[in-house]
Amino acid sequence: MPLSLLIWLPAVSGLVAVLWPARWAPRVVLAGSVITLVLAIGYVASFDRGAEGLQWVTDETWIAELGIHYKLGLDGLNLFLVLVTALLFAAALLHANLREWERPRLFFFMFALAESAVLGAFLAQDLALFVAFFDLMLIPFYFLIGAWGRGERVRATTKLVIYTLVGSLFMLAGAIATGVIAAEGGGELTFVLSDLAQVQLAEGTQQWIFLCFALAFLVKMPLFPVHGWMPDGYRAMPLPVLAVFSAVLSKVAAYGFLRVVLPLYPDASVHFQELMLLLAVAAILYGSVMAFTQTDLRLILGFSSMAQLGFIVLGIFALRPEGAQGALLQMVNHALVVVPLFFVVGALAARAGGSEDIRDMGGMAARAPLLAATFLIAALANLAMPGFANFVGEFYILLGVFESKLAIAIVASTGVVLASVYMLRAFIATMHNRAGSRAESRELSLGEGVAIVPLVVCVLALALYPQLPLARSEKSIDASVRTAQAVQR
Amino acid sequence: MTPEAPHIDWAGLSPIVALTAGGIVVLAAGLFRGAWLRRYGVPLLTLLTLGATAGLSIWQWGEDKAIVSRALAVDDLAMFLNLLFCAGAIAAVVLALRDSSPEESGHGEWHALLISSVLGMTVLASAQNLVVVFLGFELLSIPLYVMCATNLRRSKSLESGLKYLIVGSVGSATLLYGLAMIYGATGATGFEQIATALSSQAGLIDDPLTLTGIGLIVVGFCFKVSAAPFHQWTPDVYEGAPTPVTAFMAVATKAAAFGAFVRLFDVALIDAATNWSPLLAAVAVASIVVGNVGALTQTSLKRLLAWSSIAQAGYMLAAVVVADREGVEALAFYLAVYLVMNLAAFAVIVARERETPFGDDIRSLAGLGASRPALAWPMTLAMLSLAGIPATAGFIGKFTLIGATVDGGYTWLGVAIVVGSMLSLYYYLRVVAAMWLSDVPVPAAREPVPAIAGGSPELDAAADPEDGAGQDAGPDRPVSQAEATAVAVLFGAATLFFGILPSPLFDLARDAGSALGLL
Amino acid sequence: MDIGWYLAVSALVFCTGAGGVLVRRNPLVILLCLELMLNAANLALVAFARMHGSGDGQIFALIVMVVAACEVTIGLGVIVAIHRRRLPVDVDELRELRG
């Protein structure tokens, strides 16, 4: 079964939705994403965990003149990210099905296109193809946020798009330079990642290209100090869009470090290791502090995500297999946790007269035990309570960093403590405390429950069995980190 | 004893012959009295001429010869550019079908001028001689000066015609003076002889005459391709000219001028490259910066595209600076891409000019995504492509341009292209935002069209609102713009197609790129 | 006589023309100045042709004369059209298009 099917199925369902009557569009696209999810589960089930390297490789020449291949493949690095993407898009589309949208055909078409682009970015095994999908992701989000967002949507969208595209253009320049300079020794021009990894670029070249890629990825995540688009963007996005944006798009960037940067630019990765670790720590501390001071639930989650992504970058740039393993697990965890949290925010806002400010909430748990329970589970998972897979992930990350940079690891550990402070603050302020003026306590409706509860069950399942992704990703992680680790020695 | 007649390669000359004959026929056909013949027969004949020229150019594909005493080259670069000119002119004819400018100036004349401008471009694209360069430039420009002014009722159109004439002539005169200097320095007008002279005679490269000549030629070319700092005329002329003319001018003139640019600099003056490449590189960077900054605040779409064309000229100049086969290939590819995406955008502007009372203001696009998706999608694709977003032809085009600059050792020029693209995101996305993210504005009152002193009653009748043409058509009287929509959809689809499957275009561009015999 | 003198005169004429285009406001005078620029080039071409002893430059100059005539004709035509629209015949007053 070719991987192209997995990528393009959502987009095709989106096209079908455009051609059918408007009231069918939500269902059609939802069905497309559910089938994609089933396919993804099929891939995970039949993944050969013993084999090294890519599986189900599709390798077609796309643009022969530029050496660009349409090469896709699954390995331990992207296997679970693909599964989580399919799962979360299905969940978000289910959530989007709960309400009416203006111009539904275009909305759901764009949503489906976004899923295709994200899956493409995860599966691409050619640098130019990766860049193309990475940029393409932004187009549907531009429309989704700009046309269906709230408040100052146009300004927020423009800001978001310009921030991320500026990063992407630097990445484009870096990618072209990688291919062209690698071919200068007389080799044929190619952008296939496995071929590029064979060529060792000069260290100076690696360094500027590394900075190009790092900028693109850090903006996309976003990490302090290039997060300027984040507060406005998070406020403006429609909720299901925000959920997948926060959960999945940031992971594409983190995944890019593991897939592209570490194997292709190992010398530069070692050279800039401390810089990246410091940025990560800054993001953890800044994100935690900001999450603690915000009152808008979206921004609390946004800044908490920044702190979590700080941990992920920390794990990657420990340049140790343990750290990268933890980072990968944490990517899956965070994506799985943040989507139900955003859905809970939506549910809370519906009970607080539309406000997403925690000062307007309070006492929500009184007559809604299921809502309170799901929120509590997701919040505890997010703050990495022992027993949850997030704890395992952060543990691995810190283990990796302790081995390489002790001082940074100690500072970063405080982030774990801060996480419990801001998550519990948000939980107590909304669910307990005195009831807000407009807040009413109401149990989850059936629709909300269907969207939220399965995800929370997934979080719990992963807590019981974190070995599921870890065992399958081990070999690929080792391969990704190996070169950089060798340089460091 | 009769002197032996020189051998004439009719096959090689055939595109030029077809254009000349077609121009005369069209001009004559415009004299007939039948309104139907004038309004539909003349454009049809024009389309036939252009189609024949394109067909003959395809027929001559793969030839590599020099004709007319080695003054004209028949090679793949010239034929590739011929196809671009014909595509641009065909689009202009279709867009002008219901435009007021051929109506006011006479259909026969308008179309004959268009054909002679294409003829000038064809000559210029295959020029192998300084004299032919000048002749081609003038044959291309002089009809365009008139065409800019063909909207006789709009003072803006006349004004743009005069401005273009003055600025264009200054450019031509400067270019000519530079060509004279090169002739003076090398004693030759043929490109091959100039190249031989420059490479064989020591010290000639740094001769003051050569240097002055190169400097003046660069200035002249900058006027023609609208590169900074000689770009000021571009926004005014683009805005004032009738939109179909602007569309043709924007895409075809640029292709022709760049065709001559690479031939002159990368063939004749290649040995002096150390002298001109820093100059051209500086001009390229200046154009990228000036064009992109200038476009940021524009509200008129035609002015916006004019500033963007200045920036795009900068990107393409970077490929000339590289001066190798890959550079020419990237340039040829980008010229084609540039044509496709700009024509899509201009077709939408033409349609909206006639449908709304806002002219070419950005407000004319408001809410287009909901009301006219068939126009909104091509415009969106064109803007995304101009900005260089993946899955559009512009992305692949920029990819090849940056690749060529990096490979040619001008990484910093590649970075300049990237930085320019970043600036450009702002204004291209503003257009997209207007279409998809904003609401429909309230139309303002229409301005009456003043009469011409000494104008004929016939002309006045032609401009009557009942005609359905011209910028008088308000939203209260919806006019179906089927042909403009078709052009927009066609070129929008091409933008997408070449973004996903660029290989066919690459094959053509590669043939064109290897025509100059560069490494 | 040294070719330098011819070139000096030609450069002087060219600069006069260029200066005229920049400072004069009447389009008719501007057209005149454009002619000066073209003819300066012609002078240089003819001088060079004499120097190199080849006919190329002279042919070039002849072609330039034809082209110059065309340009002026077109220029006059546009000016007449503007006059008929009762627009001011003064380039500084032509400012409907903000330049």
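Of the 2 pairs of chains in contact, chains B and C share the most contacts, two residues being in contact if their C-beta atoms, placed from the backbone, lie within 7 Å. The structure is a predicted model, in which local features need pLDDT of at least 70 and side-chain atom pairs count only at pLDDT 80 or more, while totals for chains, interfaces and linings use all residues. Residues are numbered from 1 along each chain as its sequence is written, and chains are lettered from A and ligands numbered from 1 in the order in which they are written.

At the boundary between chains B and C, 35 residues of chain B are in contact with 36 residues of chain C. On the chain B side, helix H6 (130-148), helix H7 (155-186) and helix H10 (233-240) each supply at least two residues; helices (H or I, at least four residues) and strands (E, at least two) are DSSP runs, numbered from the N terminus. The largest share of this side, 17 residues, comes from H7(B). By class, the side of chain B that touches chain C has 19 nonpolar, 11 polar and 5 charged residues. Here Ala, Val, Leu, Ile, Met, Phe, Trp, Tyr, Cys and Pro count as nonpolar, Asp, Glu, Lys and Arg as charged, and the others, Gly among them, as polar.

Chain B also meets chain A: 25 residues of chain A are in contact with 26 residues of chain B. The elements giving two or more residues to the chain A side are helix H5 (127-136), helix H6 (138-148) and helix H7 (153-182) of chain A. H7(A) provides the largest share of that side, with 13 residues. The residues of the side of chain A that touches chain B divide into 20 nonpolar, 2 polar and 3 charged. Chain A and chain C, by contrast, do not touch, and their nearest C-alpha atoms are 28 Å apart.

Chain B itself has 21 helices and 2 strands. Its radius of gyration is 22 Å, close to the 24 Å that the globule rule gives for 519 residues, so chain B is as compact as a globular protein of that length; the radius is taken over C-alpha atoms, and the rule is 2.2 Å times the number of residues to the power 0.38. Of the 519 residues of chain B, 67% count as buried, a residue being buried if 20 or more other C-beta atoms lie within 10 Å of its own, exposed if 12 or fewer, and partly exposed in between. Among contacts in chain B between residues at least 6 apart in sequence, 80% join residues at least 24 apart.

Chain C has 3 helices and 0 strands. Buried residues make up 37% of its 99 residues. For contacts in chain C between residues at least 6 apart in sequence, 47% join residues at least 24 apart.

The largest nonpolar core holds 455 residues, of which A:Val339, B:Ala318 and B:Ala347 touch the most other members. Such a core is a set of buried Ala, Val, Leu, Ile, Met, Phe, Trp, Tyr and Cys residues joined through C-beta atoms within 7 Å. Helix H14 (residues 325-355) of chain B gives the most to this core, with 22 residues. Beyond its neighbours within four places in sequence, B:Ala318 is in contact with B:Ala284, B:Leu401, B:Thr405, B:Tyr410, B:Leu413 and B:Ile417.
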